[in-house]
Amino acid sequence: EKQASGSLWRVGNEGARKVAGGLAWPQGIAFAGGRLIASESWTRRIVAIDPDTGSASTALANIPGYPG
């Protein structure tokens, strides 16, 4: 996405590590089934992110609402 600069970070005793980047305004983060689940407000979708590799896949797309 154009100018999608959001990211998710894991912070612990060992320091901080970027888990995923290039997200479009990530919000509403949860952990389920071994994956991070986050809504991308700007793209109106829910993404599932592998916390080890950072690869993201669309879990739900075209959610009605802003900026639609």
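Start with Glu 40: it is buried, with a relative accessible area of 2%. Buried means under 20% relative accessible area, exposed over 50%, partly exposed in between, with a 1.4 Å probe and protein chains only.

Some ground rules. This is a predicted model, where local features need pLDDT of at least 70 and side-chain atom pairs count only at pLDDT 80 or more, while totals for chains, interfaces and linings use all residues. Residues are numbered from 1 along each chain as its sequence is written, and side-chain values use heavy atoms, without hydrogens or water.

What does Glu 40 form a salt bridge with? Arg 45, with the closest N and O atoms 2.4 Å apart. Arg 45 is partly exposed, at 26% relative accessible area. A search of the whole structure finds one salt bridge: a side-chain nitrogen of Lys or Arg within 4 Å of a carboxyl oxygen of Asp or Glu.

Next, the sheet. Four strands form an open, antiparallel sheet, ordered β3-β4-β5-β6. Strands are DSSP E runs of at least two residues, numbered from the N terminus, and two strands pair if DSSP finds at least two bridges between them. β3 (26–32) and β6 (56–60) stand at the edges, each with a single partner strand, so one side of each has no neighbour in the sheet. Five bridges join β4 to β5. Ser 39 has Ile 46 in β5 as its bridge partner.

Last, contacts, meaning heavy atoms within 4.5 Å. Leaving aside neighbours within four places in sequence, Ile 49 touches residues including Leu 8, Val 19 and Ala 56.
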